[in-house]
Amino acid sequence: MLDLLPDLFDEFADELTLLAAPWRQYGAKRVFCGEVVTVKCFEDNSRVKELLAEPGHGRVLLVDGGGSLEKALLGDLIATSAVKNAWSGVIIYGAVRDVATLNTLALGVQALGHVPIKTERRGVGDKELPLTLAGVDVFPGNWLYADDNGVAISRTRLPLKD
Ligand SMILES: O=C([O-])CC(=O)C(=O)O
């Protein structure tokens, strides 16, 4: 189903909250969902790299990068490790790089923008904490649904049709 979110909002409007931001699609998987794992970091992708090197079990990594478009929190190598480790997707409130390669990977990737410069990894950043993104509180263990129409959060897993 290419247009998942419109159908979900028709059926489950009470359960869903839109994460309204100017998201752009970067991955080859344009429709994705999964249980949320969170990271908060600023121009340092240490935690992003660590988590995406662990088994993803179909989850989605939601990264609050403070909206910075100065440094890329995800590039081709880390995204490839996410695919190998069975993550469903990565959403970055910040920037990515290696756009042409991300486009070919079987991973959901949405971010605010892109920039060719990587971060300096100093081991700074937090994981598995509640985030407030675009005015919405998001907790680890929430469910995230994403497609070309946007990104939405639900406290519980929604029953999807095939
Ligand atoms: O290494 C980084 O920080 C980001 C990157 O380019 C990659 O994931 O390949």
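Strand β11 (residues 143–147) is largely enclosed by the rest of the structure, because four of its five residues are buried; a residue is buried if 20 or more other C-beta atoms lie within 10 Å of its own, exposed if 12 or fewer, and partly exposed in between, with C-beta atoms placed from the backbone. This is a predicted model, in which local features need pLDDT of at least 70 and side-chain atom pairs count only at pLDDT 80 or more, while totals for chains, interfaces and linings use all residues. Residues are numbered from 1 along each chain as its sequence is written.

**Confidence**

- The protein has a mean pLDDT of 97, and 99% of its residues reach 70 or more; pLDDT is the predictor's confidence in each residue, from 0 to 100.
- The scores of the model are ipTM 0.91 and pTM 0.97.

**Pairing of strand β11**

- Helices (H or I, at least four residues) and strands (E, at least two) are DSSP runs, numbered from the N terminus, and two strands pair if DSSP finds at least two bridges between them.
- Strand β3 (residues 32–40) runs antiparallel to β11 and is joined to it by four bridges; here Gly 34 stands opposite Leu 144.
- Strand β12 (residues 150–154) also pairs with β11 in the antiparallel sense, over five bridges, and Ala 152 is the bridge partner of Tyr 145.
- Two residues lie between β11 and β12, which form a hairpin.

**Shell around the ligand**

- The residues around the ligand are Asn 45, Ala 72, Leu 74, Gly 75, Asp 76, Leu 77, Ile 78, Arg 97, Asp 98, Lys 118 and Thr 119; a residue is near a molecule if its C-beta atom, placed from the backbone, lies within 6 Å of it.
- At least two residues of the shell come from each of β5 (72–74) and α3 (76–84), and α3 gives the most, with three.
- By class, the shell has four nonpolar, three polar and four charged residues; Ala, Val, Leu, Ile, Met, Phe, Trp, Tyr, Cys and Pro count as nonpolar, Asp, Glu, Lys and Arg as charged, and the others, Gly among them, as polar.

**Largest nonpolar core**

- The largest nonpolar core holds 45 residues, of which Val 48, Leu 61, Val 63, Leu 74, Val 90, Val 96 and Leu 144 touch the most other members; β6 gives the most to this core, with six residues.
- Such a core is a set of buried Ala, Val, Leu, Ile, Met, Phe, Trp, Tyr and Cys residues joined through C-beta atoms within 7 Å.
- Leaving aside neighbours within four places in sequence, Leu 74 is in contact (C-beta atoms, placed from the backbone, within 7 Å) with Asn 45, Val 48, Ala 79, Val 90, Ile 92, Val 96 and Val 109.

**Individual loop residues**

- Most residues other than glycine have a negative phi.
- Glu 43, in the loop between β3 and α2 (46–52), has a positive phi of about 55° although it is not a glycine, and counts as buried because it has 20 C-beta neighbours inside 10 Å.
- Ala 86, in the loop between α3 and β6 (89–96), has a positive phi of about 65°, and counts as exposed because it has 12 C-beta neighbours inside 10 Å.
- Arg 59, in the loop between α2 and β4 (60–64), has 22 C-beta neighbours inside 10 Å and therefore counts as buried.
- Beyond neighbours within four places in sequence, Arg 59 is in contact with Gly 34, Glu 35, Val 37, Trp 87 and Ser 88.
- Arg 59 and Gly 141 are 82 residues apart along the chain, and their C-alpha atoms are separated by 9.3 Å.

Key: Contact = placed C-beta atoms within 7 Å.
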